[in-house]
Amino acid sequence: MTIVKKIHHIAVVVEDFEAALGFWRDALGLELTHIEDVPKQKVQVAFLPLGESEIELVKPTDPEAGIARFLEKSGPGMHHICVGVDDIVAKLDELKEKGIRLINEAPLLGEGGRRYAFIHPKSTHGVLVELYEIPA
């Protein structure tokens, strides 16, 4: 059985970084380390570390992007929780065996070679969950 190591990040969809940072950075005191363009997902992400995890503010850069459609439908707010696992392929296989509905049955390759996959909210009681491989 593979190990879920930690909450890697919580993603919050926002319309405007400066407005959102008024709370996360200015009111709570979290440090903004950097903002990254993720062209493959058509978003920008602002990273705010919190202990061993992060709050990620996600802003769409294209009105046709999935995140933009989420924002239009649901408004700003929590988008997903990401948990770090030691072996993403094994974890996806375990979940499939248990009848868990997956959005991605095989890992996707992200920025910097990181591997990730999403679990459908219908199997998680309404929460979009991302798996992120954290090498040993």
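Q: Buried means under 20% relative accessible area, exposed over 50%, and partly exposed in between (1.4 Å probe, protein chains only). Why does Lys42 count as partly exposed?
A: Lys42 has 36% relative accessibility. That value lies between 20% and 50%, so Lys42 is partly exposed. A word on the source: this is a predicted model, in which local features need pLDDT of at least 70 and side-chain atom pairs count only at pLDDT 80 or more, while totals for chains, interfaces and linings use all residues. Residues are numbered from 1 along each chain as its sequence is written, and side-chain values use heavy atoms, leaving out hydrogens and water.

Q: What makes Lys42 and Asp62 a salt bridge?
A: The term needs a side-chain nitrogen of Lys or Arg within 4 Å of a carboxyl oxygen of Asp or Glu. Here the closest N and O atoms of Asp62 and Lys42 are 4.0 Å apart, so the pair meets the cut-off. The two residues are 20 apart: Asp62 lies in the loop between strand 4 and helix 2 (66-74), and Lys42 in the loop between strand 2 and strand 3. Helices (H or I, at least four residues) and strands (E, at least two) are DSSP runs, numbered from the N terminus. Like Lys42, Asp62 counts as partly exposed, at 24% relative accessibility.

Q: How do you know that Lys96 and Asp93 are about one helical turn apart?
A: They are 3 residues apart in helix 3 (residues 88-97), which is about one helical turn. Lys96 has a relative accessible area of 34% and Asp93 has 35%, so each is called partly exposed. Elsewhere, salt bridges that share partners join Glu18, Arg25 and Asp26 into one network.

Q: How do you know that Glu18 is exposed, and what is its distance to Arg25?
A: The relative accessible area of Glu18 is 53%, which is over 50%, so Glu18 is exposed. Arg25, at 27%, is partly exposed. In the salt bridge between Glu18 and Arg25, the closest N and O atoms are 3.4 Å apart. A search of the whole structure finds 7 salt bridges.

Q: Which residues of helix 1 are buried, and how do you know where they sit around the axis?
A: In helix 1 (residues 17-27), Phe17, Ala20, Leu21 and Trp24 are buried. They cover an arc of only 100° around the axis, which puts them on the same side of helix 1. This arc is that of the directions from the helix axis to the C-beta atoms. On the other side, Glu18, Ala19, Asp26 and Ala27 are exposed. The buried residues pack against strand 1 (4-13), strand 2 (34-38), strand 3 (43-50) and strand 4 (53-60).

Q: What makes a group of residues here a nonpolar core?
A: The term covers buried Ala, Val, Leu, Ile, Met, Phe, Trp, Tyr and Cys residues joined through side-chain atoms within 4.5 Å. The largest such core has 11 residues, including Val12, Phe17, Trp24, Leu48 and Ile55. Helix 1, strand 3 and strand 4 each give two or more residues to this core, and the largest share, 4 residues, comes from helix 1. A second, separate core of 10 residues includes Leu92, Ala117, Val129 and Leu131.

Q: Which residues does Ile55 contact, leaving aside its neighbours within four places in sequence?
A: Among them are Ile10, Val12, Trp24, Leu30 and Phe47. Contact means heavy atoms within 4.5 Å.
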